[in-house]
Amino acid sequence: MRKRALSILLCVALALSLAACGGGQTSGNNTEPPAESTSSDQQTTEPESTQPEETEPAETKPTETESEETQPTETESEETQPTETAPEASAFLALLQAEYQSDTALGLTEQHAYYDQLIWLSTAPKASYRLFVFGDTLYFFCANDGTWFAYNTATKTQTPLTGPDISRDAEFRFFLDGAVYYFKSGDFSALIRDDMHGNTTTFKPAEYSYLPDVVMIYYGGGFLCCEDLSNDACLYTGNLQKIAAIPAPQQEAAHGLTETVQLARETLHTAGGKIYATGFSNNSHHFYSLDPTAAAPEWTDLGELSAQPEVVKDFVWNENEFWNFLGRYYYSPGDHCFYDVTTGETVLKLGEVYEPAERCGKIYFGGDSYIGYKDKEYRMVNLANGTMSDPLTLPEKYNGLYFLTDTYCAYSDDYGIFLWNYLTGEETTIVMFEQN
């Protein structure tokens with residue numbers, strides 16, 4: 001009987017030993033770039049020289065030394081294993097999703113689309129097109145004949161629009177939520193809003209006689225307008241209705257006097273629904289903020305600029321060293337970090353995943369992932385678990401590429417403009433150029 005019991009105990013010990021040694025094998029590293037890139041030499045949206053060198057993630061292999069019998073032994077494949085930055089990334093993701101859903105976030109969000117520069121999708125001599133995006137609608141302007149049309153990515157339909165010829169008869173100022181704002185040639189005392197359906201609104205404030213010199217800062221819910229920053233500024237809605245006049249900030253001077261602070265135009269910026277600027281007075285630099293939603297909006301002195309976080313000071317004077325990822329969140333390629341420029345806080349330092357793609361359209365769509373770029377390839381970077389997708393399927397050759405959603409991009413080549421599903425490789429024609 002004792003021998004039988006001993007045999008049973010030996011079998012149990014042997015089974016436990018085999019279980020400890022027999023964890024599932026890991027799969028290959030699906031985040032390694034392929035030997036040949038799917039992108040062609042004609043890619044122009046992401047020049048290789050603009051991307052910092054990075055070290056590719058090392059392939060995860062099963063360890064040779066097995067753990068004790070009581071340790072769990074199953075190993076997930078590397079594609080689904082979180083990186084060491086995953087907890088921080090998931091915390092940043094929650095902040096990012098809140099900013100995307102906010103109606104005060106500046107940029108391309110769930111509710112707003114704001115462009116203060118012309119976006120050229122095609123610059124061919126006989127087919128020069130500019131593109132603006134708002135939701136499912138793509139707005140195309142053909143500089144060759146001055147016409148507009150809308151293309152709906154959900155229904156794959158095209159609609160002619162009535163809009164200004166911003167290449168000849170009008171000077172473009174900005175595009176906001178499906179409407180273009182411009183000056184008529186020769187008349188710079190009025191700014192016109194055109195919704196491209198035949199409805200126009202003329203903005204001709206008594207405060208300003210020459211609008212091209214007026215600084216118009218969009219903050220999410222409207223505009224701050226000012227001609228001379230030592231004088232009063234004005235707040236306007238997105239439809240150019242006046243909300244309030246904002247007195248210039250004052251600072252204490254000698255003998256109990258006060259003096260007007262001169263705000264530097266080049267330091268004006270918006271983040272988190274507020275407006276920020278640096279002011280000069282008595283040989284000192286102070287940092288100011290303005291909350292346009294306050295009952296009585298006024299400039300608030302945040303103290304000496306030298307006392308602000310280093311990132312805030314760097315951003316004020318060197319904004320071109322940061323990429324506007326979304327709203328208040330900026331990315332610094334030199335530091336490989338995301339920052340909140342309202343506080344100077346580092347909200348995420350990227351590990352081995354790809355950094356945000358630059359100058360290629362919208363790269364975050366409100367979900368868990370953004371479009372990352374490295375070495376002429378694009379991948380979806382999942383912030384919830386720190387993983388990356390396989391390389392996105394893109395056209396072999398293109399002259400211009402613009403990401404629209406988490407499914408589609410638009411691209412042009414020598415033959416036309418096309419909608420491309422970069423998950424399936426399916427192509428739909430938007431415009432076919434006339435061929436000689």
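Reader: Hi! How many bridges join S7 to strand S8, and which way do the two run?
Author: Hello! Six bridges join S7 to strand S8, residues 179–184, and the two run antiparallel. Keep in mind that this is a predicted model.

Reader: Thanks! What stands opposite alanine 170?
Author: That would be lysine 184, which sits in S8.

Reader: And which sheet are those strands in?
Author: They belong to an open sheet of five strands, in the order S1-S7-S8-S9-S10, with antiparallel pairing. Its edge strands are S1 (114–115) and S10 (200–203), each pairing on one side only.

Reader: Now hairpins, please. How do strands S4 and S5 pair?
Author: Strand S4 (residues 137–142) and strand S5 (residues 147–152) pair over six bridges in the antiparallel sense.

Reader: What does S5 join on to through five bridges?
Author: Strand S6, residues 157–161, and this pairing is antiparallel. Here asparagine 152 has threonine 157 in S6 as its bridge partner. S5 and S6 form a hairpin too, with four residues between the strands, and lysine 156 takes a positive phi near 60 degrees there.

Reader: Changing topic: how many aromatic pairs does the structure hold?
Author: The structure holds 38 aromatic pairs. In one of them, the rings of phenylalanine 174 and phenylalanine 223 have centres 4.9 Å apart. Their planes are at 35 degrees, so this pair is tilted.

Reader: Where in the chain are phenylalanine 174 and phenylalanine 223?
Author: Phenylalanine 174 is in strand S7 (residues 170–176) and phenylalanine 223 is in strand S12 (residues 222–226). They are 49 residues apart, and the pair links distant parts of the chain.

Reader: Is phenylalanine 174 buried or exposed, and what about phenylalanine 223?
Author: Phenylalanine 174 is buried, and phenylalanine 223 is buried as well.

Reader: Which residues form one aromatic cluster?
Author: The cluster is made of Phe92, Tyr100, Trp323, Phe325, Tyr329, Tyr331, Phe338, Tyr364 and Tyr370.

Reader: What about the largest nonpolar core: which residues touch the most other members?
Author: Those are Ile371, Tyr378, Phe403 and Tyr422, in a core of 39 residues. Helix H2 (residues 86–101) gives the largest share of this core, five residues. Another core lies apart from it, with 38 residues, including Phe140, Leu161, Tyr182 and Leu404. In soluble globular proteins, nonpolar side chains tend to be buried together.

Reader: OK, charges next. How many salt bridges does the count come to?
Author: The count comes to five salt bridges. One of them joins the side chains of glutamate 99 and arginine 328, at 3.6 Å from N to O. Glutamate 99 lies in helix H2, while arginine 328 is in the loop between strand S22 (323–326) and strand S23 (329–332), so the pair ties together parts that are 229 residues apart in sequence.

Reader: Which aspartate forms a salt bridge with arginine 328?
Author: Aspartate 340 does, and the closest N and O atoms are 3.7 Å apart. Aspartate 340 is in strand S24 (residues 337–340), 12 residues apart from arginine 328. Aspartate 340 is buried, with a relative accessible area of 5%. Salt bridges that share partners join Glu99, Arg328 and Asp340 into one network.

Reader: And what does arginine 168 meet in a salt bridge?
Author: The side chain of arginine 168 meets that of aspartate 165, at 3.5 Å from N to O. Aspartate 165 is buried, with a relative accessible area of 12%.

Reader: Last topic! What volume does the largest pocket have?
Author: The largest pocket has a volume of about 1600 Å³. It is lined by 44 residues, and the closest to its centre are Tyr114, Tyr115, Asp116, Gln117 and Asn324.

Reader: Which strands each supply at least two residues of the lining?
Author: Among them are S1, S7, S22 and S23, along with strand S2 (120–124) and strand S30 (400–403).

Key:
Residues are numbered from 1 along each chain as its sequence is written. This is a predicted model: local features need pLDDT of at least 70, side-chain atom pairs count only at pLDDT 80 or more; totals for chains, interfaces and linings use all residues. Side-chain values use heavy atoms; hydrogens and water are left out. Rings of Phe, Tyr and Trp (its six-membered ring) pair if their centres lie within 6.5 Å; planes under 30 degrees apart count as stacked, over 60 as edge-to-face and the rest as tilted. Buried means under 20% relative accessible area, exposed over 50%, partly exposed in between (1.4 Å probe, protein chains only). A nonpolar core is a set of buried Ala, Val, Leu, Ile, Met, Phe, Trp, Tyr and Cys residues joined through side-chain atoms within 4.5 Å. Two strands pair if DSSP finds at least two bridges between them. A salt bridge is a side-chain nitrogen of Lys or Arg within 4 Å of a carboxyl oxygen of Asp or Glu. On a 1 Å grid over the protein atoms alone, a cavity is a set of points where a 1.4 Å probe fits but cannot get out, and a pocket is an open set with protein on both sides within 12 Å along at least five of seven lines; lining residues have an atom within 4 Å of a point. Grid points are joined across faces, edges and corners, and a volume is the space filled by probe spheres set on the points.
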